[in-house]
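Trainee: I would like to learn how to read domains, interfaces and helix packing from a model. Can we work through one together?

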Amino acid sequence: MRIHRRTLLASMGAATAAFAAPAVIGQTRPRVVVIGGGSGGATAARYLARDSDGALDVVLVEPTRTYYTCYFSNLYLGGFWGLADLGHSYGTLAARHGINVIHDWATGVDRDAQTVTLAGGAVLDYDRLVLSPGIDFVEDSVPGWSVTAQNRMPHAYKAGSQTELLKAQVENMREGGVFAMVAPPNPYRCPPGPYERISMVAHVLSERNPTAKILIVDPKESFSKQALFEEGWARHYPGMIERVGPDFGADNVSVDPEAMTIDIDGMLEEVDVCNVIPAQKAGRIAEIAGLTNEAGWAPVVPANMKSRMDDRIHVLGDASAQGDMPKSGFSANSQAKVAANAIRHELLEARLFPARYSNTCWSLIADDDGVKVGASYEPTEEKIASVDSFISQTGEDAELRRQTYEESIGWYNGIVADMFS
Amino acid sequence: MGMRGGRRQTGKAVTAYRRATGALALALGLGLGAALAQPTIGAEDLGDAEKGRAHWQDECADCHQIGPGAANDIGPHLNRVFGRRAAAVADFPYSDSIRRMGRDGLYWTLRTLDAYIENPYSLVSGTRMDYPGLTDAEDRADLLAFIRLHSDRPSDMPEAAPTARRVEVDLPPEVLEMRGDREWGEYLASECTTCHQRDGAASGIPSITFWPEERFVVAMHAYREGLRPHQVMQTIARRLTDEDIAALAAYFATIDD
Ligand SMILES: Cc1cc2nc3c(=O)[nH]c(=O)nc-3n(C[C@H](O)[C@H](O)[C@H](O)COP(=O)(O)OP(=O)(O)OC[C@H]3O[C@@H](n4cnc5c(N)ncnc54)[C@H](O)[C@@H]3O)c2cc1C
């Protein structure tokens, strides 16, 4: 089946038609297909639809019916947030904004014909394509680990069942057992994410299993908000957390999921729970579309998030290689708005505005102990460059930390409203 | 510096040191165009405490107490207010808004008090201090000199860092009257709505929906100048131009979602 713009329009229900300005009903509207309904894709679809008053045919392709945010999934592990509160559906995007949400996988992109093929067999043509497929894991980046072993050694780096599984494993770990994390090399999604996770696991263990130990096997010399995390760990979870860096061979690691062991440069560690976060690359569809570089990411034009390989395609979020912005939900959301404006300019002659990018990442270290790091960014020819930044300070008073945590809840509610409401 | 050599800032001795150089209150004084025409105080300037006593009676004493035995009243007592963190008097039922500012790191200094007295809402949007502001910069300097008499610790001295930092904020009245480009504002607002929900729902992050334009403008200038504390907001505001701020204000005042 090949869905053409006209047939698609005709098949849209009355509710959707009510959103379209009468003048465009029955005419061919330019179509934007968005692949991936996460932080970048849902935001882009929503801004494209709501700012164009029905003048664009926005199609969102996303296999899952409920999007579980990775943000706050660590807080769920720590018992601070409910699983249901992580999940968001696409109903409002369809009902309120007239977006055609198709729950399917995109399996192919024909850039010459300007079509996207779905797993279910449909072929969609597009005037502009937006890709925000998130990440996939680099095969064999941790020898011994593969997705077939992900139940014995969960990654929990795409939220949902994996996160539930890891939580259950932490909670049921034997008394005095070892929780290990194999941390990812740069670049990866959410730079402070693994260390916020360590904090949350430590929080659970210090309450339920205080003699347990945590081992971080980290191929990186240093990590995001390191001073803040280390200060917090020493204060809240003294003696529980040990981190092994590349100086002790953590850049040469393999695992045995059957035996539940980690081999750190020849030294064998037996562990009880093992969270393997492999090296990452752009979501596979970006590679299928031929938009990625040797490193596995999709280079983009800093001013508008267009693929450097194809100026009818924008790549957003984690999958993009853009410069200084961290791979975060906040970043993807920020980039989506710039791309949506650029697309509406090209297809509808809307006013074009200069790109503004920003990011803030909050992390929770313990009960009421929140920290943040953030920056604003500007496009240069070569990359999106950080122009101004801030970070929480060590030694801040408890009241400020509590407020920072509350602020993160405000942000969570804000960004999901900005994506799904 | 005005206060060198152990000179006490009482009465005329201090007035003699007043200089009409700093443009301290300007970022916040915009709502009040008249203030701009007048010389404004710099951080090292204090007024005439005797004149200030009269202003205290007229402007403050209905709600605040000061001096020996002062207690909380409609407003908190103002003994030792210089150098104190905002919302720090025990047992006083402050507004959430000023508590938030206190947690963010708002300290009462000559500079911040001057801004607050000039236009309370410009510094603390949701303050319950129901006071229209004292527009005349000299009157404020006098009043603060009086209040300052009751804050006599060395660390309160206004010329001690960081209060002594002179900020030249040059905000002509046309900035305030600037008509914001609403469409530009709507685009820029997408940066705000990652955290501040468009429909005004607030949880941990305050609502900025339907703010009067002027309140919005003064608040953003205050962040940009670093008068209002908050890391995220200062970083966001630092790259906004006057036009950007006017545009955002125009959008949020009439937001329709
Ligand atoms: C533990 C953890 C904590 C985090 N905490 C934070 C935080 O506090 N703040 C923050 O800002 N960020 C945080 N992040 C990072 C954030 O989740 C990501 O950076 C962000 O979601 C990236 O957005 P995206 O649009 O690129 O990808 P995603 O949000 O992952 O969305 C990609 C979507 O594309 C879909 N998709 C993939 N391939 C296809 C295909 N072929 N066809 C159709 N659909 C497809 C997927 O199903 C998915 O829904 C965290 C991440 C983790 C793992």
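Trainee: Into which domains is chain A divided?

Mentor: This is a predicted model. Chain A is divided into domain 1, made of 2-136 + 281-352, and domain 2, which covers 139-278. Their C-alpha centres lie 32 Å apart.

Trainee: How many residues does the contact take from domain 1 of chain A and from domain 2 of chain A?

Mentor: The contact takes 17 residues from domain 1 of chain A and 19 residues from domain 2 of chain A. On the domain 1 side, α4 (73-77) and α5 (83-86) of chain A each supply at least two residues. The most comes from α4(A), with five residues. By class, that side of domain 1 has nine nonpolar, six polar and two charged residues.

Trainee: Which element gives the most to the side of chain A that touches chain B?

Mentor: Start with the general idea: the size of an interface is often given as the accessible area lost when the parts come together. Here we have residue counts, with 29 residues from chain A and 21 residues from chain B in the contact. On the chain A side, α11 (329-348), β23 (357-366), β24 (369-379), β25 (384-391) and α12 (398-420) each supply at least two residues. The most comes from α12(A), with 13 residues. The chain A side divides into ten nonpolar, eleven polar and eight charged residues.

Trainee: How should I read a pair of packed helices?

Mentor: Two packed helices are described by the angle between their axes and the distance between the axes. In chain B, helix α11 (residues 213-224) and helix α13 (residues 242-253) pack at an angle of about 140°, with their axes 8 Å apart. The two helices, α11(B) and α13(B), are therefore oblique to each other. Their crossing is right-handed.

Trainee: Which residues make the contact of α11(B) with α13(B)?

Mentor: From α11(B) they are Glu213(B), Phe216(B), Val217(B), Met220(B) and His221(B). Those from α13(B) include Ile245(B), Leu248(B) and Phe252(B). The contact residues divide into ten nonpolar, one polar and one charged.

Terms used
Residues numbered from 1 in each chain as written. Chains lettered and ligands numbered in written order. Predicted model: local features only at pLDDT ≥ 70, side-chain atom pairs only at ≥ 80, totals over all residues. Domains from an automatic or database assignment. Contact = placed C-beta atoms within 7 Å. Helix = DSSP H or I, 4+ residues; strand = E, 2+ residues; numbered from the N terminus. Nonpolar A, V, L, I, M, F, W, Y, C, P; charged D, E, K, R; others polar. Axes fitted to C-alpha atoms, helices over the stretch in contact; angles between N-to-C directions. Parallel < 35°, antiparallel > 145°, perpendicular 65-115°, else oblique. Left-handed = near helix turned anticlockwise from the far one by under 90°.
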